[in-house]
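I opened the notebook to record what I looked up in this structure. The entries follow in the order in which I made them.

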Amino acid sequence: MSDKKITIEFNDGIVRKFLVASVIWGIVGMLVGVLIAAQLNFWQLNFATPWLTWGRIRPLHTNAVIFALVGNMMFAGVYYSTQRLVRARLASNFLSNLHFWGWQLIIVSAAVTLPLGLTRGKEYAELIWPINIAVTLIWVVFAVNFFWTLAIRRERSLYVALWFYIATIVTVAMLYIVNHLSIPTSFTHSYPLFGGVQDALVQWWYGHNAVAFFLTTPILGIMYYFLPKAAERPVYSYRLSVVHFWSLVFVYIWAGPHHLLNTALPGWLQSLGMTFSLMLWAPSWGGMLNGLLTLRGAWHKLRTDPVLKFFAAAVTFYGMATFEGPLLSIKSVNALAHYTDWIIGHVHVGTLGWNGFMAAGMTYWLIPRLWNKPLYSTAMANLHFWIGTVGILLYVAAMWTSGITQGLMLNATTEHGTVLAYPNFVDTVNVIRPMMLMRGIGGALYLAGWLMLAFNMWKTVRGAEPVNGTIEVFEDEPLVADEKITLVGTFLNPPVAFSILGVGFASAWMFGGDFVSIAGLTGLAICVALAYIHFESRGKKWADWYDRLLVNSAPFTILTLLAVVAGGLIQIIPTVAANNAANVEDRRQIPYTPLELAGRDIYIREGCYLCHSQMIRTLVPDVLRYGDYSRLGESIYDHPFQWGSKRNGPDLARVGGKYPNVWHLRHMENPRSVSTGSIMPTYPWLLTNVLDEASLTSKISVQRILGVPYPNWTPEQIATRVDEQAKGIALDLRSAGAYVDSDREIIAVIAYLQKLGQFEKVAPQRTVIAPP
Amino acid sequence: MPTKPLTPQPEDPIRPHTFDGIQEYDKRLPNWWLVTLFATIVFWVGYWTYYQWFHIGANGPQRVELAMSKIEAARLAANPTLDDASFWKMSRNPELVEAGRATFNATCVACHLASLRGKDENPAAIGPNLIDQVWIHGGNPTDVYHTITSGVLVKGMPAWGPVLGPRKITELVAYVFSFHKEGEPIIQAPPDPVVK
C-alpha cells in the first residue's frame with residue numbers, strides 16, 4: 001500500500017436538499033394538522049368546500065408529516081451519516097438527485113390528489129396506484145444508492161446505525177408493496193387485492209410497521225450517529241445495540257393485530273398482537289437506554305446546547321411512547337382507549353416528541369456544518385425547544401384526558417349495567433371539546449417552534465457558502481475486503497441456528513395442536529436451555545461470528561429480511577388462505593348493488609372512515625350502543641375494508657335501516673339539523689354532484705376478479721339497476737317532502753348507508769380462521 | 001445533575017474500533033431490562049396457553065354473548081307491569097316529567113322539535129306532532145311506550161328500547177303525556193298516503 005493520500009469529498013449537497021425540504025414540508029404538514037384540529041371544534045372551518053373538508057385533508061396531514069417531513073429528514077440523516085460511517089462518497093450523484101426530485105414530485109402529487117378525493121381508502125396508504133408505483137421506484141433508487149455505497153465502502157465493519165438503515169430499507173419495501181397490491185379500475189382509482197378481514201390484517205401489519213420501520217428504525221439509526229457525535233461520548237453499550245436491534249426487528253412485525261383487538265379478527269391473531277406488543281416493550285426501551293445512557297457524562301452540556309436538549313427529550317418521549325404502546329395493546333386497556341383520542345395522543349408523543357425533536361436536533365446540528373457558519377440564534381433554538389415541549393405536553397395531556405373521559409362515558413352503563421349511561425354519542429363528543437381545543441393550541445405552539453427553526457435556518461443559510469465534508473484516504477486503500485460468509489455459513493452458526501430452531505418450535509407449539517404443541521413447547525424449552533449453555537461456554541464464538549457478519553453486508557441484509565418476514569408470513573398466509581366466502585362465521589355479507597357500490601366509493605372518497613368505524617366490537621357497551629357485534633363474514637366483500645381506527649362519530653356497521661332516507665339527506669346537508677351538537681362537516685355538494693355511473697362497469701368487473709359474486713352484467717343492465725334503485729329512493733324522499741333528482745351522488749350515499757349491516761345467514765362451516 | 005463530566009470507570013470495556021470518531025462501550029445489559037424482557041416472554045407463553053392452547057379463557061364472542069344474555073334477563077326481571085293508569089299518574093309526577101324532558105331534549109328534539117309539535121311546526125321536521133290528539137300508532141300511553149321501544153322503522157322512528165332502556169322510556173312517556181289530559185279524545189290517524 002502506498003502512503004499517498006487523496007481527499008474524498010462527500011456528497012453533502014444532497015443532504016442540504018433533503019434537510020431544507022424536510023423543514024418546508026414540516027410547516028405544510030403541521031399547518032394542515034392545526035387546521036384539522038380546529039375543524040373538530042369549529043365545523044364551519046370546513047368551509048363547505050370539498051377539498052378543505054376534514055375527511056380529505058386529514059390524510060394530507062398524515063402523509064405530509066410521515067412521508068414528507070420524516071421521510072426527507074430520514075434521507076438527509078441517512079445520507080450524511082452513511083458516507084462518514086463507511087468512509088466513501090455516495091455511490092451515484094444521479095441516483096441521489098433522482099431520489100430527491102422523485103420524492104418531492106411524489107409529495108406534490110399527493111398534496112394535489114388527496115384534497116381532490118383521490119384515495120385508496122386505507123390509512124397512510126391513501127395515495128392512488130400511479131403514485132404507489134412511483135414511490136416503489138424511488139424507494140428502489142434509494143436502496144440501490146445505499147447498498148451500492150456500502151459495496152464501495154472503505155470501512156469494513158458496519159456500525160449500528162447502518163443496521164437500522166438496512167432494516168428500514170428492506171422492510172419498508174416489503175410492507176409497502178404488499179399493502180398496495182391493487183387492481184386499477186381507471187387511471188386514478190383501484191380496489192385493493194385483499195378484502196374484509198384480510199385487508200384489515202394486511203393494512204395494520206403495514207400501518208403498525210410503517211410506524212416501526214419508517215418512524216422508528218431509521219430514526220434510531222440517526223440517533224446512534226448524531227447523539228454520540230453531539231454529546232462527544234461513547235455509545236453506552238454495543239451488546240445492548242445487538243440485542244435490542246435483533247429483538248426489535250423480529251418482534252415488531254408480529255404486533256400489527258393490536259390495532260384490531262376485540263374486533264372480528266380471529267382470536268389467535270389478537271392474542272399474537274397483544275403478547276408480541278408486550279414483548280416489544282424491552283427491545284424498544286433498549287434503544288432509549290442506549291440513547292439516554294450515552295448522555296452520561298454529558299448532561300451538563302444540555303444547559304447550553306439546544307441540540308442535546310432536543311435529543312434527550314426526543315429519546316425520553318420515545319421511551320414514553322414505547323411504554324404506552326404495549327400498555328394500550330392489553331385487550332382490556334384497549335377496550336377503553338381504542339377509537340378515542342388517547343390513541344391520537346399516543347401517536348403524537350411519538351411523532352411530535354420523538355420524530356419531530358430528533359429532526360429538530362439533527363437539523364440544528366447539521367446547519368452549521370453544512371453551511372460552515374454558526375447558527376444564527378442559539379437562543380431562538382432554545383426557545384424552540386421550550387415552546388415545542390410545552391406544545392407537546394398540552395397536546396398529549398389534552399388527548400389523554402379526552403380519550404379516557406370519552407372512553408369512560410361511552411362504556412358507562414346505568415341501571416345495573418343494562419342501559420348505556422350516555423346513549424347519545426354526540427354528548428360524549430361535546431364533553432371533550434375543551435380538550436380538543438387545548439390540543440389545537442398545543443399543536444399551534446409546536447408549529448410556532450417549527451417556524452422558528454425555519455426562520456433560524458433561513459437567517460443562517462442566507463448568504464452562507466455551502467461546504468462539503470471531506471476525508472483523507474490512502475490512494476489505493478481497498479474498497480471492501482469481505483471475508484466471505486457463504487449462504488450456508490450465514491445460517492449454520494450458533495446464533496442463527498438456535499434462533500431459527502426456537503422460532504420453529506414456538507410456531508409448532510402455538511399452531512400445531514395436540515402432540516405437536518407439546519413437542520413444540522418441549523423443543524422450545526430444550527432449545528433455549530441449549531442455547532444458554534452454549535452461549536455461556538462458547539460466548540466468544542457467538543461474538544466472533546457477529547463480528548464477521550458485520551463486515552459482510554449481504555448476509556446481514558438477508559438475515560434482517562428473514563427476521564422481519566417471519567411474523568408477516570405466519571399471520572398473513574393462513575388468513576389469506578382461509579378467508580373466503582365459503583369459510584365465514586355464521587353470516588355472509590350481501591354484495592352491494594351497483595348504486596350502493598357507487599355510494600361506497602363516495603363514502604371512501606370523502607374519508608368518512610376516518611371518523612366512523614364499521615366494526616362493533618365484542619364488548620358490551622359496543623353491542624348496547626350499536627347492535628349485535630360484527631362478524632368477519634359481514635365485511636368479506638369489502639375492498640378496502642372500512643373497520644376504521646377512530647370514532648369521532650358513532651359506528652356505522654349497522655346504521656342501515658335505522659333512520660329514514662330523509663334523515664340521511666338532512667344529515668349530509670346539515671348534520672346539526674337532525675343531530676344537535678354534531679361536529680360533522682356539511683356535504684352540500686353531494687346534493688348537486690351528478691353520480692358518475694359510467695365508471696361502474698369497470699369497477700364491477702374488477703370486483704368480479706376480486707371474487708365478489710356479481711353476475712356478468714352489461715353496462716346497460718348496470719345502468720337500469722342504478723336507475724331503478726335511485727328512483728325508488730328519490731320517490732321516498734319526495735314523499736317525505738324532500739326533492740332531489742335521482743341522479744345525484746347523495747342518492748347513492750343513502751343507498752350505501754341503508755345497506756350497512758345487511759347479511760345472510762349461512763350454516764357455520766368453520767367457526768374461526770385457524771392457522772393450518 | 002453533575003456539573004463535571006464523569007470520567008469513565010477504568011473497568012468499562014470500550015470497543016477497539018471507532019466509526020467516524022464514535023466509540024462504543026460494551027457494558028452489560030441492565031438486569032431490570034433483562035427481567036422485563038424475560039417476564040414478557042413468560043407472559044406470552046402463559047397467555048397463549050390459557051386462551052389459545054387449552055381454551056380456558058373465554059374468547060370475545062363467548063364473553064359478550066354471556067354478558068348480553070345476563071343483561072336481557074335483568075331487563076326482563078326489572079320491568080314492572082305498566083298500564084295506562086300508572087302512566088297517567090307518572091305524567092303528573094314532576095320528578096319523572098323533568099327526567100323525561102331531559103331525555104327528550106337530548107334524543108327526540110331532532111325530529112319532534114323542542115315544542116313537540118314536529119311537522120306541524122316545521123314541515124321539514126321528520127317526526128309528527130305529539131301534543132295534538134291525532135295519534136298514528138295508537139294514543140294510549142302503553143301504545144306510545146311500545147312505539148318508542150320498538151320504533152316504526154318505515155316512518156323513520158328508531159327503536160329506542162336497546163339504547164335508552166325501560167326506565168328512560170317510561171320517563172319519556174310521562175313527559176309526553178304531561179302535555180295531555182287523561183280521557184281526552186284520541187283520533188286514530190287515517191292510513192298514510194304513499195306519495196303526497
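Before counting, I noted that helices (H or I, at least four residues) and strands (E, at least two) are DSSP runs, numbered from the N terminus. I also noted that this is a predicted model.

**Entry 1: chain A as a whole**

I looked up the elements of chain A and found 27 helices and eight strands. I then checked how the chain is packed. The globule rule gives 28 Å for 772 residues, and the radius of gyration of chain A is 27 Å, close to that value, so chain A is as compact as a globular protein of that length. I wrote down the extent of its C-alpha trace along the principal axes, about 95 × 70 × 55 Å. Of the 772 residues in chain A, 56% are buried. I also looked at contacts with a separation of 6 or more, and in chain A 83% of them join residues 24 or more positions apart.

**Entry 2: helix 13 of chain A**

I picked out helix 13 of chain A, which covers residues 341-371 and has 31 residues. From its first C-alpha to its last it reaches 42 Å, close to the 45 Å expected at 1.5 Å a residue. Where does helix 13 of chain A bend? I found a bend of about 25 degrees at His348(A).

**Entry 3: Glu9(A)**

I turned to Glu9(A), which lies in strand 1 (residues 5-9) of chain A. I asked why Glu9(A) counts as partly exposed. The reason is its 13 C-beta neighbours inside 10 Å, because a residue is exposed at 12 or fewer and buried at 20 or more. Leaving out residues up to four places away in sequence, Glu9(A) touches Arg89(A), Asn468(A) and Thr470(A). I also looked up Val251(A), 242 residues from Glu9(A) along the chain, and the C-alpha atoms of the two are separated by 39 Å.

**Entry 4: where chain B meets chain A**

I looked up the contacts between the chains: 59 residues of chain B are in contact with 63 residues of chain A. On the chain B side, the elements that give two or more residues are helix 1 (31-53), helix 2 (60-78), helix 4 (94-107), helix 5 (109-112) and helix 8 (161-177). Helix 1 of chain B gives the largest share of that side, 12 residues. By class, I noted 38 nonpolar, 11 polar and 10 charged residues on the side of chain B that touches chain A.

Key. Residues numbered from 1 in each chain as written. Chains lettered and ligands numbered in written order. Predicted model: local features only at pLDDT ≥ 70, side-chain atom pairs only at ≥ 80, totals over all residues. Contact = placed C-beta atoms within 7 Å. Nonpolar A, V, L, I, M, F, W, Y, C, P; charged D, E, K, R; others polar. Rg over C-alpha atoms; globule rule 2.2 N^0.38 Å. Expected span 1.5 Å × (residues − 1). Bend = angle between axes of the 7 residues up to and from the residue.
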